[in-house]
Amino acid sequence: MAPGSVPRLPSGLAARLGRLQALFVRAFGPNGDLKVLSVLLAAILFFAIRPFAVGNTKTWDLPVRVASTNPYVTVVDFAPKTTSVTLRGPRNKIDSFDPTQLAMEIEEPFPDTEGRVFRPLGARTLHGAGALKFLSCQADKVRVELDYTGTWETTNLVAVPALSGRPVEGGTATVRLADGAVVVVKGSIRKLNAFRDTGLLLPTEPVDVEGKTASFDVPVAIKIPADSGITSVEPQAVLAHVDISIAVTNRTETAAPGLLKDVEPPPAAAPAAEEAEAVPDAAGE
């Protein structure tokens, strides 16, 4: 081919392009071939630019939550407890996104069964993504261990709370719970039986007696051990009585307290505002 000459298409390809051009002209008018070419160029540009506009991605770690809405079936355990998810969106959305709202959540009425089941993790179980789009998840499924729900009504199963802090100097503190406290526990029947066999008591939150000078009653919350299989306790708190005993060994005789009104006179009332001028009578005098 001579320098400066324009290369020519093979005759077969040129004929095919000519037929396409004629087809576009018949379908879309005199400039139909240019219209189609414009659409093709716009599509190419769109898909070339789109990754830079909305193709930003970021990966976050998030919790996995599983709950049963079937009152007769309890979720004993599940795994994994956390996973990572990759989301895509515009850069400004990615940068301003709050990942604390993200979670993989499965909440369903599991059938009346026990044992192990698997549930998929993905876009349908992702909550809190907002305008961002789901791309991938590190874990594609969660293993759920189920058991039948049991109920256990027990008396005096709650442990006496521990005391934190110290009363005023020279003071001591003791705590007790009311006898006959009834607590209704629900959870995995297998786990409840195992917990019962151990003879353990339900732990309670400690009671703060720092700086106390007198005995008092206080409700203490019942804590559910994480691996006990217990899902709920009623009531959630029991009443504790804390007895504070003060032993004063160096009493100094002082005057008895008195009423403030007998010691200090009440403050004087503010003077009434003086009348600025007399009010004219009806006759204008």
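This briefing covers aromatic contacts, charges over rings and strand pairing in one structure.

The model is predicted, so local features need pLDDT of at least 70 and side-chain atom pairs count only at pLDDT 80 or more, while totals for chains, interfaces and linings use all residues. Residues are numbered from 1 along each chain as its sequence is written, and side-chain values use heavy atoms, with hydrogens and water left out.

**Aromatic pair**

- A search of the whole structure finds one aromatic pair; rings of Phe, Tyr and Trp (its six-membered ring) pair if their centres lie within 6.5 Å.
- The ring centres of tryptophan 60 and phenylalanine 97 are 5.1 Å apart and the planes stand at 50°, so the pair is tilted (planes under 30 degrees apart count as stacked, over 60 as edge-to-face and the rest as tilted).
- Tryptophan 60 belongs to strand 1 (residues 56-68) and phenylalanine 97 to the loop between helix 3 (91-96) and strand 4 (103-108), so the pair ties together parts that are 37 residues apart in sequence.
- Helices (H or I, at least four residues) and strands (E, at least two) are DSSP runs, numbered from the N terminus.
- Tryptophan 60 counts as buried at 10% relative accessibility, and phenylalanine 97 is buried with a relative accessible area of 14% (buried means under 20% relative accessible area, exposed over 50%, partly exposed in between, with a 1.4 Å probe and protein chains only).

**Charges over rings**

- Lysine 81 has its charged end over the ring of phenylalanine 78, 4.7 Å from the ring centre (NZ of Lys or CZ of Arg must be within 6 Å of the ring centre and within 35 degrees of the ring normal).
- The charged end of lysine 212 sits over the ring of phenylalanine 216, 5.2 Å from its centre.

**Pairing of strand 1**

- Strand 1 pairs with strand 3 (residues 82-89) in the antiparallel sense over eight bridges; two strands pair if DSSP finds at least two bridges between them.
- Opposite aspartate 61 stands serine 84 in strand 3.
- With strand 4, strand 1 pairs in the parallel sense over five bridges.
- Valine 64 has methionine 104 in strand 4 as its bridge partner.

- Three strands form an open sheet in the order 10-15-13, with antiparallel pairing.
- Strand 10 (171-177) and strand 13 (216-221) are at the edges with a single partner strand each, so one side of each is left without a neighbour in the sheet.
- Strand 10 and strand 15 (residues 237-246) run antiparallel and are joined by seven bridges.
- Threonine 172 stands opposite serine 245 in strand 15.
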